[in-house]
Each structure stands twice: as structure tokens, then as C-alpha cells.
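Dear colleague,

I am passing on the structure we spoke about, together with some notes on what came out of looking through it. Please have the sequence and the model open as you read.

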Amino acid sequence: MANFDFNLRKFNTSNIYSYFLNHPEATKQELATNLNLTLPTVNKNIDYLSELGLIQVSGSRGKTGGRRATTYSLCSQAKIALGLDITKHHVSCVMVDLYGEIISFKRNRLVFEFTDSYFEDVAKLLEAFIDTNQIDRQKILGVGIGIPALVQSDNQTVFYSGIMDFRQNTYEMFSKYIPYEISMFNDAKASCFAEKWVNKDIQNTFYIMLSNNVGGAMIINGQVYSGDNFRSAEVGHITLVPNGRQCYCGQCGCVDPYLAATNLSQDDLDGYFEKLKTTTDEKTLDDFDKYMDYIAATVNIVRSILDCDIILGGYVGEYLEPYLDEIKKRAIKISTFDSDADYIKLCSYQHESIAAGAALHYIAQFINTI
Ligand SMILES: [Zn+2]
């Protein structure tokens with residue numbers, strides 16, 4: 001019985017906390033009505049969550065003259081999580097709050113090398129970011145690190161790293177210099193996690209990450225499908241053009257060397273897409289035309305196998321809106337079954353999704369403890 005009470009209490013507390021995560025504010029009466037709870041239960045939980053510093057009085061509501069009801073809201077920065085996106089030439093830092101929103105980000109140029117001084121520099125960048133944002137270090141839940149490599153489910157063991165020289169002891173190297181809890185995530189899986197955060201209803205979806213490398217993640221029945229060897233959804237290494245361009249993986253003709261963001265710009269996608277709007281340069285236009293064909297062909301392969309929605313995300317995803325109709329047209333043209341291509345979507349979590357997705361794991365973990 002005691003255990004049952006405890007579980008019920010936790011269930012009520014977590015329901016009330018979830019309500020605040022999904023609503024900007026609420027009165028006790030609203031909580032009681034909407035969550036089907038008694039007022040004494042609501043009172044107890046409001047006291048408990050307030051003591052923990054997780055919710056706060058935000059104001060009051062009601063008619064003037066009549067009794068006004070106190071409103072409560074989430075302390076969105078009671079805890080925060082940090083995220084890093086590690087690429088060949090840059091390290092991006094983000095801070096996310098308990099709503100899962102990015103409160104601050106900074107992109108730093110830092111050339112990757114597997115040396116102590118590199119990992120020390122990453123830690124210094126992170127500390128500087130924490131200082132600039134005046135983050136209370138006690139509030140940091142952890143640091144999620146998105147890397148272009150495959151990582152085991154322990155979020156510590158790198159087992160494939162063709163792009164950058166991440167070694168067996170990568171986790172130890174980060175841990176040596178970063179004094180917080182850390183976890184490592186495959187970049188595409190992290191990105192997809194961020195996407196699922198804002199689209200909680202996603203059931204069956206394939207996420208294509210068009211960043212400096214091309215990765216993917218698959219959600220089936222609302223769950224990430226990892227495969228038998230934690231290398232599912234590696235869309236970047238589907239053979240798109242037999243004997244085609246050299247891929248970093250050692251093979252030729254993979255999707256990656258055709259769709260990686262670096263095909264468009266090494267370093268400045270903002271500038272590239274701005275220029276693309278007005279350019280008359282034939283080579284630029286022709287290259288982008290082919291790029292859209294390669295997207296359509298890749299999408300067609302995935303769609304033929306999985307018959308589900310496909311989200312175009314990653315660095316390039318946030319710029320594709322003006323070209324989406326054209327990409328859809330091309331996908332329909334080569335499709336055997338589809339007469340429309342509404343299944344092709346653009347990512348909703350557009351900015352810094354790798355770093356944010358890595359950080360969001362800590363936010364999700366924390367929310368589960370309430
Ligand atoms: Zn490849």
C-alpha cells in the first residue's frame with residue numbers, strides 16, 4: 001500500500017509538472033479540473049514543486065473586486081543542459097532550458113585534432129560560454145556532445161569514426177577536461193532527437209541530416225530504431241551513383257559526397273543561399289539543380305523502403321523552404337507509387353539541432369525524475 005501511495009504521488013507530481021511544461025501558466029483550480037485531481041492534492045504538489053524551486057508564482061487572474069486566483073509557472077531555468085556540436089573546424093555551444101528551448105548559442109572556430117590541447121581548448125570554450133551567460137554551475141545537468149561518429153548505447157564508446165579521428169578513448173579525453181557529466185551522441189541521432197522534441201506526435205519518420213556529413217535517424221512507432229549494430233539509418237552511405245564520387249568511408253558513389261552541406265559551401269551556408277536567390281552564374285545554378293536531383297533520388301530510395309514521412313534536416317534543412325516544391329516535384333517524377341510528395345517535410349528544429357539534441361537528452365532525463 002505504501003508503495004502504491006508513493007507511485008500515485010509521483011504520478012500526480014509528474015503530471016502537474018508536465019502540465020507546466022506544456023502551458024505557460026496555471027491556477028490551482030485549472031490544474032485540479034484539467035488533471036482530474038482534488039484541490040488538496042494540487043496544493044500539496046504546488047508546495048512540493050515550489051520548495052524544489054521548479055515552479056513559481058507568476059501572477060494572478062480574476063475579476064477586479066472578486067477573489068483573484070494565483071497563477072503559477074515553470075522555473076524554466078531551474079536546471080539547464082549544455083550541448084556541443086563538434087565538427088572538423090568548429091565547436092558550437094548551446095544552452096537549453098527545461099522547455100527545451102535554446103537560450104544561448106555560440107559557434108567557435110577550432111580545428112579538430114586528437115590531442116590533449118584540443119580537448120583542453122574545447123573545455124575552455126565551454127567554460128567561457130558558461131561565464132558569458134552567467135550560468136550557475138550548480139544548475140548544469142550535463143553536457144551532451146554531438147559528434148560525426150557512431151556511438152554505442154552507453155553514449156561513451158565510439159565504434160566508427162570515418163570523418164574525424166575520434167579514438168577509443170574519446171570519452172576519457174572529454175572527461176579529463178570537462179568537469180560535468182558528459183554523454184556523446186551520433187550527430188544525426190541527436191538532431192533527430194531535437195526534431196522529436198518539437199514534434200512529439202511523430203510516429204514513423206526518417207530524418208535525413210544534411211550537415212557537413214550526411215546522417216540519418218529512423219523513428220518507428222514513436223521510438224528510435226537503432227538497428228542490430230547501432231548503425232541504422234546511415235543514409236549517407238547508400239550507393240547513389242555506382243563508381244561515383246569518393247566518400248570518406250572508403251567507398252565510391254555514396255550519398256554523402258553528393259549531399260553533404262560542404263558541396264554547397266565549406267563554411268558559409270547563409271551566404272551561399274543568399275547568393276543563390278539572385279545569382280545568374282550557370283555553374284552555381286547547375287550544381288544546385290543537381291543537388292536537388294540527388295535529394296529527390298535519395299528520398300525516393302528511403303520512401304520506397306520505409307513508406308513513411310521523410311524530414312530534411314541538418315544545416316541545409318533550414319534553408320530548403322523556397323526549394324521544397326521543386327524537390328517534391330522531382331521526387332514525384334521518379335516515384336513508382338506516390339502522386340504527391342507531402343510526405344517530404346522540412347525540419348522544425350532548425351537551428352543548432354545537433355548540439356541542442358545532445359543537450360536535450362539531459363533535459364528529458366531530468367523531467368523523467370520528477
Ligand atoms: Zn560512404
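**A buried serine, and what lies around it**

Ser183 counts as buried, because its relative accessibility is 13% and the cut-off for burial is under 20%. Please keep in mind throughout that this is a predicted model. Ser183 belongs to strand 10, which covers residues 182-186, and, when residues up to four places away in sequence are not counted, Ser183 touches Val143, Gly144, Ile145, Asn155 and Tyr362.

**The nonpolar core**

The largest nonpolar core is made up of 40 residues, and Phe273, Phe288 and Leu320 are those with the most contacts inside it. At least two residues of this core come from each of several elements, among them strand 11 (205-210), strand 12 (214-220), helix 8 (269-278), helix 9 (282-306) and helix 11 (324-333). Helix 9 gives the largest share, with 8 residues. If neighbours within four places in sequence are left aside, Phe288 is in contact with Leu264, Tyr272, Phe273, Leu276, Leu320 and Tyr323. As general background, nonpolar side chains in soluble globular proteins tend to be buried together.

**Two packed helices**

Helix 6 (residues 187-198) packs against helix 12 (residues 353-369) at an angle of about 60 degrees, and their axes are 7 Å apart. Helix 6 is therefore oblique to helix 12, and the crossing of the two is left-handed. On the side of helix 6 the contact is made by Asp187, Ala190, Ser191, Phe193, Ala194 and Trp197, whereas helix 12 contributes residues including Ile354, Leu360, His361, Ile363 and Ile367. Sorted by class, this contact of helix 6 with helix 12 has 10 nonpolar, 4 polar and 1 charged residues.

**Two residues with positive phi**

Most residues other than glycine have a negative phi, and with that in mind, which residues are worth a look here for a positive value? One of them is Asn36, whose phi is near 60 degrees; Asn36 sits in the loop between helix 2 (28-35) and helix 3 (39-51) and is exposed, with a relative accessible area of 71%. Another is Asp307, with a phi near 50 degrees; Asp307 is found in the loop between helix 9 and strand 14, and Asp307 too is exposed, at a relative accessible area of 58%.

With best wishes

Conventions
Residues are numbered from 1 along each chain as its sequence is written. This is a predicted model: local features need pLDDT of at least 70, side-chain atom pairs count only at pLDDT 80 or more; totals for chains, interfaces and linings use all residues. Side-chain values use heavy atoms; hydrogens and water are left out. A nonpolar core is a set of buried Ala, Val, Leu, Ile, Met, Phe, Trp, Tyr and Cys residues joined through side-chain atoms within 4.5 Å. Buried means under 20% relative accessible area, exposed over 50%, partly exposed in between (1.4 Å probe, protein chains only). Helices (H or I, at least four residues) and strands (E, at least two) are DSSP runs, numbered from the N terminus. Contact means heavy atoms within 4.5 Å. Axes are lines fitted to C-alpha atoms, for helices over the stretch in contact, and angles run from 0 to 180 degrees between N-to-C directions. Angles under 35 degrees count as roughly parallel, over 145 as roughly antiparallel, 65 to 115 as roughly perpendicular and the rest as oblique. A crossing is left-handed if the near helix is turned anticlockwise from the far one by less than a right angle, and right-handed if clockwise. Ala, Val, Leu, Ile, Met, Phe, Trp, Tyr, Cys and Pro count as nonpolar, Asp, Glu, Lys and Arg as charged, and the others, Gly among them, as polar.
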